[in-house]
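Subject: Handover of a structure

Dear colleague,

Please find the sequence and structure below. An account of the findings follows.

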Amino acid sequence: MIDREQEKRIVARRALELVEGIELLGLGSGTTVATFVEELARSGLERGLTVIPSSSQIEEEARRHGLKIADPGQRRPELTIDGADEVDPELNLLKGGGGALVREKILAANSDYYVIIADQSKVVARLCSRRPLPVEILPYGHEWTRELIEGSLNSRSVLRMSGDRIFTSDNGNYILDVECQPLDDPESVEKALKLYPGVVEVGIFTGLADEVLVAFGEEVRRFVS
Ligand code: 5RP
């Protein structure tokens, strides 16, 4: 019986095929991408490759494995490999479980090709079926921003904590986890929430994934937009 951790490794290995010939690679965040970094370092393909990490978590992993690191803002990555919390049939994504959604979205939008790798537990019919919706907000007036978001979605939310402290993202912001109903129209929710003052980014990624690789046991299925 193949478990989720094994599926992460199987899909991470499969994604290595996409890295051949790539010079500048964006890295998303989370445990699946950390497994990918490990496999990349093991493969020898990392020679001649530079990575742009999306978070302190994955930067640490990349450094630990001796990968060459570049800052964003110069050349755009030819490819970015990322994970997701949920993927729907239109390849819309729910992201932000690790709190790196802002930088992940910046990388996704500025990469020539954006690929998601996932185990089968991430596949859903509609986003927010299993997980709350992460929204990164500014600390300033965060209670007001929270009220606006809850009113807009008619939903309760939880301010993400880390132990007994408020969780802060790599950008120094807070994350709200909004307990919304499964989304029929994720794009309009993404756009509507983005308009509220205090909202930095929404963990709904529509129209960004070029390809999604999902491990179902030993089989990797490929979905292309
Ligand atoms: C971090 C993310 C991650 O990609 C997402 O949470 C998936 O993580 P994991 O691979 O650990 O399940 O969006 O902000």
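Rings of Phe, Tyr and Trp (for Trp, the six-membered ring) count as a pair if their centres lie within 6.5 Å, with planes under 30 degrees apart called stacked, over 60 edge-to-face and the rest tilted. By this criterion, the structure holds zero aromatic pairs.

This is a predicted model, in which local features need pLDDT of at least 70 and side-chain atom pairs count only at pLDDT 80 or more, while totals for chains, interfaces and linings use all residues. Residues are numbered from 1 along each chain as its sequence is written, and side-chain values use heavy atoms, with hydrogens and water left out.

The protein chain has six helices and 16 strands (DSSP runs numbered from the N terminus: H or I of at least four residues for helices, E of at least two for strands). Its radius of gyration, taken over C-alpha atoms, is 17 Å, close to the 17 Å that the globule rule (2.2 Å times the number of residues to the power 0.38) gives for 225 residues, so the chain is as compact as a globular protein of that length. Along the principal axes, the C-alpha atoms fill a box of roughly 50 × 35 × 35 Å. Buried residues (under 20% relative accessible area, 1.4 Å probe, protein chains only) make up 52% of the 225 residues.

A nonpolar core is a set of buried Ala, Val, Leu, Ile, Met, Phe, Trp, Tyr and Cys residues joined through side-chain atoms within 4.5 Å. The largest has 25 residues, of which Leu25, Leu27, Phe36, Leu40 and Ile81 touch the most other members. Elements that each supply at least two residues of this core include helix 1 (4–19), helix 2 (31–43) and strand 15 (211–216). Apart from this core lies another, of 20 residues, among them Leu159 and Ile204. Beyond its neighbours within four places in sequence, Leu25 is in contact (heavy atoms within 4.5 Å) with residues including Phe36, Leu40, Val51 and Ile81.

Two charges sit over rings (NZ of Lys or CZ of Arg within 6 Å of the ring centre and within 35 degrees of the ring normal). The charged end of Lys95 is over the ring of Phe205, 5.7 Å from its centre; that of Arg221 is over the ring of Phe216, 4.0 Å from its centre. Phe216 lies in strand 15 and, not counting residues up to four places away in sequence, touches Glu7, Gln120, Val123 and Arg221.

Yours sincerely

Key
Buried < 20%, exposed > 50% of the residue type's maximum accessible area, 1.4 Å probe, protein only.
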